[in-house]
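Please look over the sequence and the structure below before reading on. The paragraphs that follow start at a pocket and then turn to other parts of the chain.

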Amino acid sequence: MLRLTFLLMALLAGTVQAATVTDLYQARIVLPDTDSQSEQNARRDALAQVLVKVSGQSRVVNNDVVTKALANSNPFVSQYGYGNLKGKRTLDLTFDRNRVRQLLTQAQATFWGEQRPNVLVWLVEDAESSRNIAWDQSGNPLLAGMKSEADRRGVPTMMPIGDFEDVTAISVPDLWGGFVGPIVQASQRYQPEAVLVVRARRKGPDDYVMNWQLYAEGPEKMAATKVTPSEGQASGTSEATLRRMMDHVADQLGVKYAVPLGGDESGQLAVVVSNIRSAKDFFTLERMMTNLSSVAGINAYRIQGEQVEFSVKLLSTEAAFQRELSQNSRLSEVTAPVMPAEPMDASEVQPTEAVLDGQTDSSETLSAPAKPVKQVSMYEWRAPQA
């Protein structure tokens, strides 16, 4: 009921933003018995689960550097305890995020931050000669299994609520046939950043064949670009098929959103953003850029009218940073690049009233970058709707 209430509130608010995944560095592993070797194996499996979740790629466990680290996972553990899952004893572990990130950097792997795209799931089950859409709150066990597998990979999912608007907007044949038009129309109200269409055919009590299509774009881009979805198929038990499907989905989204580790050592980048008209715009933009997976830190070193110049220290490559910026709907790149002005002394820089509206704070003091900065194309900010 809480999920339904939350979703309805989001719909009334008019927008569903990217979700924040808060348990990327946590894992729960069922202990088969109580001997020390089993617990050590559980620690290894838990670290592997976290590395897959944080990197966005299931194959990261095959990396030689990662394989060596998995043999001794203890240094990565920051907290542990014991729990219970459906009557089975579990080992609950939290791993040190800095050590995990260092390991992925050494392995030259990728990193997928806490801000992740919401995936809307349309599931049709074919069972006993009838086909039905699995709505949120329907009690369909496949939805519970899918949510568990999505949590394992750190993929935020939401299911359609099945109200009058849903049932009149889309039908079983629309979904089973993969007709993009109706799927786009029915999905728009949820404003997801990706859409997953699943067709599950039940052949026995727990024997399924599943086919799926992943549109790694929101409904607007699906309609505008006629993007070809990523497709897959799996068969077997519900647990096995859902696991394979969600690994495919997470890996595909990881390709789009995760960034390669190993920053640009040649200096900091300069990013120039125009159309910053209020303190709210400034702090929203600053927070958004700070939260990018490719960014180690930013510093706003000059404000002139409605234009702000940032120096950006990267954790990843410049190309990965530019790709992350291009995926944000609130920023649009201006065709003509702008040469950033020479950094000012901190004592010479004063926030303008037009931008900060008198809202000053010691934590927001502007200071000059530590290194010279490169030229980066200029961006224009589109303020969020009130």
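The second largest pocket has a lining of 32 residues, and those nearest its centre are Arg28, Leu85, Ser148, Glu149 and Arg243. Two or more lining residues come from each of β2 (26-30), α2 (36-55), β4 (88-95), α5 (141-153) and α10 (238-257), and α5 gives the most, with eight residues. By type, the lining of this pocket divides into 13 nonpolar, six polar and 13 charged residues, where Ala, Val, Leu, Ile, Met, Phe, Trp, Tyr, Cys and Pro count as nonpolar, Asp, Glu, Lys and Arg as charged, and the others, Gly among them, as polar. The second largest pocket holds about 1,200 Å³ of space, a volume being the space filled by probe spheres set on grid points that are joined across faces, edges and corners. A pocket here is an open set of points, on a 1 Å grid over the protein atoms alone, where a 1.4 Å probe fits and with protein on both sides within 12 Å along at least five of seven lines, and lining residues have an atom within 4 Å of a point.

This is a predicted model, in which local features need pLDDT of at least 70 and side-chain atom pairs count only at pLDDT 80 or more, while totals for chains, interfaces and linings use all residues. Residues are numbered from 1 along each chain as its sequence is written, and side-chain values use heavy atoms, with hydrogens and water left out. The protein chain has a mean pLDDT (the predictor's confidence in each residue, from 0 to 100) of 83, and 81% of its residues reach 70 or more. Over residues 1-16 the pLDDT is below 50, and this stretch has 25 contacts in the model beyond near neighbours in sequence, a contact meaning heavy atoms within 4.5 Å. Residues 338-368 also have pLDDT under 50, and for them the model has 57 contacts beyond four places in sequence. Where pLDDT is low, the predicted coordinates should not be read in detail.

In the protein chain there are 13 helices and 19 strands, which are DSSP runs numbered from the N terminus (H or I of at least four residues for helices, E of at least two for strands). Of its 386 residues, 48% count as buried, where buried means under 20% relative accessible area, exposed over 50% and partly exposed in between, with a 1.4 Å probe and protein chains only.

Helix α4 (residues 97-106) has Val100, Arg101, Leu103 and Leu104 among its residues, and these four are buried. Seen down the axis of α4, the buried residues fall within an arc of 160° (taken from the directions from the helix axis to the C-beta atoms), so they line one face of the helix. The face of α4 turned away from that buried side carries Asn98 and Gln106, which are exposed. In helix α8 (residues 180-187), the buried residues are Ile183, Val184, Ala186 and Ser187, and their cover includes β7 (119-127), α6 (164-169), α7 (172-176), β10 (194-204) and α9 (219-225).

Serine 274, in strand β14 (residues 268-274), is buried, with a relative accessible area of 13%. Leaving aside neighbours within four places in sequence, serine 274 is in contact with Glu306, Gln307, Met378, Tyr379, Glu380 and Trp381. Lysine 86, in the loop between β3 (77-85) and β4, counts as exposed at 81% relative accessibility, and its phi is near 50°, a positive value in a residue other than glycine. Glutamine 108, in the loop between α4 and β5 (110-111), is exposed with a relative accessible area of 71%, and the phi of glutamine 108 is near 50°.
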